[in-house]
Amino acid sequence: MPEASTPSGAAPAHTTPPSTTTTTGATIALEDLTKRYSGTPAPAVENVNMDIKAGELVVFVGPSGCGKTTTMKMINRLIEPTSGRIRIDDEDVTGIDPVRLRRKVGYAIQSSGLFPHMTVAQNIALVPKLIGWSKAKVKSRIEEMLDLVGLDAGEFQGRYPRQLSGGQQQRVGVARALAADPPVLLMDEPFGAVDPITRDHLQDELIRLQHELHKTIVFVTHDFDEAIKLGDRIAVLRERSHIAQFDTPEAILTNPADDFVSGFVGAGAALKRLNLTRVRDVEIVDFPTATIDDPLQYLFDMLRHGSTNEVLLLDRYRRPYKWLRRGDLMRAKGSLARAGTLVHDTVTRDATLRDALEAVLTDNAGRVAVTGRRGEYTGVVDMETLMNSVQQLLEEDRLEAVEHQHALLEQRAHQTRREQEGATAVRPEDLS
């Protein structure tokens with residue numbers, strides 16, 4: 001993950017997951033939640049009822065203007081509901097101080113929403129200071145949060161938002177939202193303003209964070225593929241936030257409730273299911289590696305006499321740097337700087353198979369390096385593994401379609417028998 005790379009000249013920090021983050025998710029219940037705006041005949045949101053489990057990541061997806069963002073913003077009362085109730089861990093929050101509520105609910109938005117006149121550290125410290133944390137605890141939390149989102153505290157905490165890339169700003173935005181350890185995190189299209197590669201990495205980072213933290217996350221997006229990748233459950237919303245289907249990604253892909261939901265699924269459901277399988281779920285193979293500090297003669301010997309015609313060159317922090325093939329060093333006249341092909345893309349274990357397949361297809365050598373939390377090399381996934389997974393998914397879809405067809409035929413046959421039996425039954429009036 002390039003955004004999380006350790007700065008040149010500094011040793012990578014191999015830290016354990018934060019131990020002071022102990023608060024886990026809370027249940028959320030929306031009861032007949034409605035929002036009406038004056039001068040508008042129809043409500044923006046109408047009678048929404050939904051139960052979200054503690055530690056669950058739920059995605060709201062639907063067409064523009066359907067009310068998904070309005071519904072989410074009513075949870076922390078950035079928008080006040082006209083009627084209905086919101087319960088967080090069985091506490092009715094529609095009657096409590098909204099400022100106190102917002103300090104208990106993390107909030108991350110598109111383009112990060114960082115205060116430009118504050119440093120990274122000041123942005124992250126904002127809510128912990130407001131709720132009265134000590135200076136020592138706040139300082140420790142800033143470092144912990146930056147480490148959690150894969151940024152080096154020594155390098156980044158003194159920077160201003162304008163000095164960060166888009167992906168780095170989004171990471172800091174998530175760190176700020178989590179700083180006071182809230183049980184609930186609301187995310188309003190947080191990755192919509194960054195480039196596709198950075199977006200993929202940020203999605204992977206959110207998946208990793210959720211594995212560690214188990215927060216209750218409500219995530220709004222218009223991108224159905226993003227919803228499939230991230231959501232434990234997906235709420236497909238119609239106009240006025242009417243729920244068309246609220247189910248797992250697997251259930252929505254294989255059994256959409258109606259034509260409206262099918263329109264979101266679109267074509268290629270089997271390939272979309274690649275978003276449900278992670279790189280960690282398939283075989284990650286080892287690959288011959290060397291480092292840029294190894295002598296050139298050692299690299300020559302590996303490529304000349306080894307069992308492979310290619311070596312993955314790692315940098316000083318064991319991050320993938322270049323692919324070296326036989327002849328590269330000779331054509332570059334022994335210069336490592338000019339030899340080989342730079343590694344342009346990697347995937348993490350939390351990446352989906354679709355991410356991995358896209359990365360492999362952009363590289364004509366048919367493989368992609370898998371990296372750990374700090375970008376360090378952990379293995380390789382190749383095209384053969386990915387194609388086998390695609391074939392397996394297609395076969396599963398075929399079998400499900402056959403079973404569904406058999407069930408329909410049995411249902412029709414049963415209905416036909418009932419109709420025939422009803423037609424031939426002896427009626428009492430026939431005996432008189």
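**Cavities and a pocket in a predicted model**

Mentor: Ala, Val, Leu, Ile, Met, Phe, Trp, Tyr, Cys and Pro count as nonpolar, Asp, Glu, Lys and Arg as charged, and the others, Gly among them, as polar. This is a predicted model, in which local features need pLDDT of at least 70 and side-chain atom pairs count only at pLDDT 80 or more, while totals for chains, interfaces and linings use all residues. Residues are numbered from 1 along each chain as its sequence is written, and side-chain values use heavy atoms, with hydrogens and water left out.

Trainee: How is a cavity read, and how many cavities of 30 Å³ or more does the structure hold?

Mentor: Rolling a probe the size of a water molecule over the atoms shows where empty space is left. On a 1 Å grid over the protein atoms alone, a cavity is a set of points where a 1.4 Å probe fits but cannot get out; a pocket is an open set with protein on both sides within 12 Å along at least five of seven lines; lining residues have an atom within 4 Å of a point. Grid points are joined across faces, edges and corners, and a volume is the space filled by probe spheres set on the points. Here there are three cavities of 30 Å³ or more.

Trainee: What volume does the largest cavity have, and which residues line it?

Mentor: Its volume is about 60 Å³. The lining consists of Val 149, Gln 170, Arg 171, Val 174, Phe 191, Leu 202, Glu 205, Leu 206 and Leu 209. Two or more of the lining residues come from each of α6 (166–178) and α7 (196–213); helices (H or I, at least four residues) and strands (E, at least two) are DSSP runs, numbered from the N terminus. With four residues, α7 gives the most. Six lining residues are nonpolar, one is polar and two are charged.

Trainee: Which residues line the second largest cavity?

Mentor: That cavity, of about 40 Å³, is lined by Val 174, Leu 178, Leu 185, Leu 206, Leu 209, Gln 210, Leu 213 and Ile 217. The elements giving two or more residues are α6 and α7, and α7 gives the most, with four.

Trainee: Where is the largest pocket, in terms of the residues nearest its centre?

Mentor: Of its 18 lining residues, Arg 102, Val 105, Tyr 107, Val 127 and Arg 176 lie nearest its centre. Two or more lining residues come from each of α2 (98–104), β6 (105–109), α3 (120–130) and α6. β6 gives the most, with four. The pocket's volume is about 440 Å³, and its lining divides into 12 nonpolar, three polar and three charged residues.
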